[in-house]
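The sequence and structure come first.

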Amino acid sequence: MEKKDLRKFIRMQKGRFTSQQLSEMSISVIKRLMASPKMKSANTVLMYYSLNDEVDTHDAVDRVLEQGKIVLLPKVISDTEMELRRYTGPEDLQDGFFNIMEPSGELFEDYAGIDLAVIPGMAFDSRNNRLGRGKGYYDRMLPKLVNAYKMGVCFDFQRLPGIPANENDIKMDEIV
């Protein structure tokens with residue numbers, strides 16, 4: 001299957017569930033994420049503030065912050081780029097591109113200082129390849145995360161046997 005067909009397939013799969021069901025399914029994924037040794041040892045964590053069809057990270061973002069870690073969230077700044085902003089609490093969030101809640105905190109540019117990157121995706125495969133939404137935001141950012149352990153986060157139905165990938169695609173280190 002081509003990437004666009006896989007995205008369409010995953011959107012159909014997501015459509016089989018209510019927002020409430022996806023939220024409930026998120027609980028076990030977030031439990032595994034929070035219990036991960038990589039999460040426990042990380043000092044600087046790149047998270048994402050989930051859309052309503054993604055694994056719900058809203059509470060997890062605040063829990064990671066409460067653990068005394070530096071929390072970073074992406075902020076879309078153009079049709080092709082996003083930047084990272086420091087998250088210090090819910091008061092930092094404002095409606096951004098694509099109606100995604102985005103941080104307004106301090107700009108963060110020390111990509112090499114990120115220990116753990118929690119990355120969303122439309123799908124992941126058994127070789128830890130990631131299929132994004134098709135805009136390429138994470139594809140452009142992931143190569144900058146030279147020291148970060150990259151942890152893809154998804155629902156079970158988003159795990160596929162294979163995803164088309166090339167040598168430029170950055171693999172995840174682990175999928176939760």
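**Cavities, pockets and cores**

The lining of the second largest cavity is made up of Lys-14, Tyr-48, Glu-54, Val-55, Gly-121, Val-153, Cys-154 and Gln-158. This is a predicted model.

**Cavities**

- The count comes to two cavities of 30 Å³ or more.
- The second largest cavity has a volume of about 30 Å³.
- Its lining divides by class into four nonpolar, two polar and two charged residues.
- The largest cavity holds about 40 Å³ of space.
- Thr-80, Glu-81, Met-82, Tyr-137, Arg-140, Met-141 and Lys-144 line the largest cavity.
- Helix α5 supplies the largest share of that lining, three residues.
- By class, the largest cavity is lined by three nonpolar, one polar and three charged residues.

**Largest pocket**

- The largest pocket contains about 580 Å³ of space.
- Its lining has 30 residues, and those nearest the pocket centre are Glu-54, Ile-100, Arg-133, Tyr-137 and Tyr-138.
- Two or more lining residues come from each of α1 (3–15), β2 (70–76), β5 (101–103), β9 (130–131) and α5 (137–141).
- Strand β2 gives the most, with four residues.
- Glu-54 lines the second largest cavity and is listed among the residues nearest the centre of the largest pocket.
- Tyr-137 is likewise listed near that pocket centre, and Tyr-137 also lines the largest cavity.

**Second largest pocket**

- About 160 Å³ of space lies in the second largest pocket.
- Lining this pocket are Ser-23, Ser-26, Ile-27, Ile-30, Lys-31, Asp-56, Asp-59, Ala-60 and Arg-63.
- The elements that give two or more residues to this lining are α2 (19–35) and α4 (58–66).
- Helix α2 gives the most, with five residues.
- By class, the lining has three nonpolar, two polar and four charged residues.

- Asp-59 is found in helix α4.
- Is Asp-59 buried or exposed? Its relative accessible area is 57%, over the 50% cut-off, so Asp-59 counts as exposed.
- Asp-59 and Met-1 are 58 residues apart in sequence and 35 Å apart in space, C-alpha to C-alpha.

**Nonpolar cores**

- The largest nonpolar core has 47 residues.
- The residues with the most contacts inside this core are Met-39, Leu-46, Met-47, Ile-114, Val-118 and Leu-145.
- At least two core residues come from each of α2, β1 (44–46), α4, β2, β3, β7 (116–120), α5 and β10 (149–153).
- Helix α2 supplies the largest share of this core, five residues.
- Which residues does Met-47 touch, leaving aside its neighbours within four places in sequence? Met-47 is in contact with Met-39, Ala-60, Val-61, Val-64, Val-71, Leu-72, Leu-73, Pro-74 and Val-118.
- A second, separate core has seven residues, including Met-122, Leu-131, Leu-160 and Ile-163.

**Glu-83**

- Glu-83 lies in strand β3 (residues 82–87).
- Its relative accessibility is 15%, under the 20% cut-off, so Glu-83 counts as buried.
- The Glu-83 side chain makes a polar contact with the side chain of Arg-85 (2.7 Å).
- Not counting residues up to four places away in sequence, Glu-83 touches Leu-73, Pro-74, Lys-75, Ile-77, Leu-107 and Tyr-111.

**Asn-129**

- Asn-129 sits in the loop between β8 (123–125) and β9.
- Why does Asn-129 count as buried? Its relative accessible area is 5%, and buried means under 20%, so Asn-129 qualifies.
- The Asn-129 side chain makes a polar contact with the side chain of Lys-171 (3.2 Å).
- Leaving aside its neighbours within four places in sequence, Asn-129 is in contact with Ala-123, Phe-124, Ile-163, Ala-165 and Lys-171.
- Ile-163, one of these contacts, is also a member of the second core.

Definitions and conventions
Residues are numbered from 1 along each chain as its sequence is written. This is a predicted model: local features need pLDDT of at least 70, side-chain atom pairs count only at pLDDT 80 or more; totals for chains, interfaces and linings use all residues. Side-chain values use heavy atoms; hydrogens and water are left out. Buried means under 20% relative accessible area, exposed over 50%, partly exposed in between (1.4 Å probe, protein chains only). A polar contact is a pair of N or O atoms within 3.5 Å; within protein, one must be able to donate a hydrogen and the other to accept it, and residues adjacent in sequence count only if both atoms are side-chain atoms. Contact means heavy atoms within 4.5 Å. On a 1 Å grid over the protein atoms alone, a cavity is a set of points where a 1.4 Å probe fits but cannot get out, and a pocket is an open set with protein on both sides within 12 Å along at least five of seven lines; lining residues have an atom within 4 Å of a point. Grid points are joined across faces, edges and corners, and a volume is the space filled by probe spheres set on the points. Ala, Val, Leu, Ile, Met, Phe, Trp, Tyr, Cys and Pro count as nonpolar, Asp, Glu, Lys and Arg as charged, and the others, Gly among them, as polar. A nonpolar core is a set of buried Ala, Val, Leu, Ile, Met, Phe, Trp, Tyr and Cys residues joined through side-chain atoms within 4.5 Å.
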